[in-house]
Amino acid sequence: MDEERDPVQSMDDGSMDLYEISEWETRSGLDRFAQGLYHAAIVGVRWTVIVVAVLILGLQLALGGFGLLIDPRVGTFVALSIVPAFVLAAYLWRADVTTSEPLEILVVTFLLGILFANFAGILNDTVGQVVRVVGSGFGLVPIFGLLALYFLVVGPVEEAVKLLAVRMYAYRMPAFDAVIDGAVYGAVAGLGFATIENALYITNTLETVAPGMNLIRAGSDIATIRALAGPGHVIYSAFAGYYLGLAKFNPDDAGPIVVKGLLIATLVHATYNTCATVLVPVVASVTAVDTFVVFLSFVVLYDGLFVYLLLRKLSKYNDAYRRANHSDEPTDSPDLS
């Protein structure tokens, strides 16, 4: 879309000074102050979000939310639980045929994914309670309340905060110079989110283990379940991140593109939650197959499908990149004389 121009701008042949008539640039001291104040406000908002996230995490630590992490066995369970998600994120990083993303930006995105997960936890709890109350107040069938929770609260909130982790820092860096970079940074933000979520699930579960019970066995069970759930976060946010990258290089349609990415990630995420919570137990009871076996089969099939679709999307980008890059290379014309 062509840039809109004022009629005076359009008719000017360049001979008129249109400062504060139909054009603007930094000239006066007040101009410089206004520009500095604007940029300070933007930076202030970013740092406020980060500081609040850090304070929430610190409060969780102070209240003992991660108390068991000081136990090396528990820390080991958490580390093992994110191995599949880490491997998937690393594979997506390697699948990028453009320039490799700097390690420092990947690390910052990972840490922001951890920090901003706190926002999702608070919103899921508070808004989720409202959804449950409203659902019960209208006498809705419980499954409808669950669907509303997953599709209207958990899915959109968690995908939005993971995308925020990318938008807050990596998106603004010169290294974010290709659409596919959005998928890479989205995957890393998802890895950060999965890490803190797994840590919470594992520590909360092990805090309920009665004295004398086998902590190793209990930790192995919950770590295995969380290891199966972790890759999903990488997949969902990689999809959303890809569309964030597409939006960066198509600014006229950036809003709808970002919304489309979030819708895709939300639908895939919420459908997973619904199936894992509702469908898996039903199938297990009907078929008399162990619930864990059914859950494992579901995760492999579901995540496998969307990993395939994600890799196919990235492959199309990579193929286009190679063709475009090859077309820019000089060719030696044969001597026809």
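**Close-up views of helix packing and loop residues**

**View 1. Val234 is a buried residue, with a relative accessibility of 0%.** Buried denotes a relative accessible area under 20%, exposed one over 50%, and partly exposed the range in between, with a 1.4 Å probe and protein chains only. The model shown is predicted: local features require a pLDDT of at least 70 and side-chain atom pairs a pLDDT of 80 or more, whereas totals for chains, interfaces and linings use all residues. Residues are numbered from 1 along each chain as its sequence is written, and side-chain values use heavy atoms, with hydrogens and water left out. Val234 belongs to helix α8; helices (H or I, at least four residues) and strands (E, at least two) are DSSP runs numbered from the N terminus. With neighbours up to four places away in sequence set aside, Val234 touches Ala85, Leu88, Ala89, Leu92, Ala187, Gly190 and Leu191, where a contact means heavy atoms within 4.5 Å. Between Val234 and Ala194 there are 40 residues of sequence separation, yet their C-alpha atoms are 7.9 Å apart.

**View 2. Helices α4 and α7 pack against each other.** Two packed helices are described by the angle between their axes and by the distance between those axes. Helix α4 spans residues 83-94 and helix α7 residues 179-206; their axes lie 9 Å apart at an angle of about 170 degrees. Helix α4 is therefore roughly antiparallel to α7. Axes are lines fitted to C-alpha atoms, for helices over the stretch in contact, with angles from 0 to 180 degrees between N-to-C directions. Angles under 35 degrees count as roughly parallel, over 145 as roughly antiparallel, 65 to 115 as roughly perpendicular, and the rest as oblique. The crossing of α4 past α7 is left-handed, a term for a near helix turned anticlockwise from the far one by less than a right angle, right-handed being clockwise. On the α4 side, Ala85, Phe86, Ala89, Leu92 and Trp93 make the contact, and on the α7 side Val184, Ala187 and Leu191. By class, these residues comprise eight nonpolar, no polar and no charged. Nonpolar covers Ala, Val, Leu, Ile, Met, Phe, Trp, Tyr, Cys and Pro; charged covers Asp, Glu, Lys and Arg; the others, Gly among them, are polar.

**View 3. Helix α3 crosses helix α7.** The axes of α3 (residues 72-81) and α7 come within 9 Å, and the angle between them is roughly 140 degrees. That angle makes α3 oblique to α7. Helix α3 passes α7 in a right-handed crossing. Val74, Phe77, Val78 and Ser81 are the residues of α3 in this contact, and Thr195, Asn198, Ala199, Ile202, Thr203 and Leu206 are those of α7. The contact of α3 with α7 holds six nonpolar residues, four polar residues and no charged ones.

View 4. Asn198 has a relative accessible area of 0% and is buried. Asn198 and Ala229 are 31 residues apart in sequence, and their C-alpha atoms are 8.8 Å apart in space. Arg226 is part of helix α8, which spans residues 215-248. The relative accessibility of Arg226 is 9%, so Arg226 also counts as buried. Apart from neighbours within four places in sequence, the contacts of Arg226 are Ser81, Glu197, Asn198, Tyr201 and Ile202. The C-alpha atom of Arg226 is 8.6 Å from that of Ala194, which lies 32 residues away along the chain.

**View 5. Glu20 and Ala288 are non-glycine residues with positive phi.** Phi of Glu20 is about 60 degrees. Glu20 lies in the loop joining α1 (7-11) and α2 (29-62), and with 53% relative accessibility Glu20 is exposed. For Ala288, phi is near 60 degrees. Ala288 is located in the loop between α9 (254-287) and α10 (291-327), and its relative accessibility of 69% makes it exposed.

**View 6. The whole protein contains ten helices and zero strands.** Of its 337 residues, 40% are buried. Among contacts with a separation of 6 or more, 79% join residues 24 or more positions apart. The accessible surface comes to about 18,900 Å², and carbon and sulfur atoms contribute 67% of that area; areas come from the Shrake-Rupley method with a 1.4 Å probe, and for residues only the protein chains shown count as cover.
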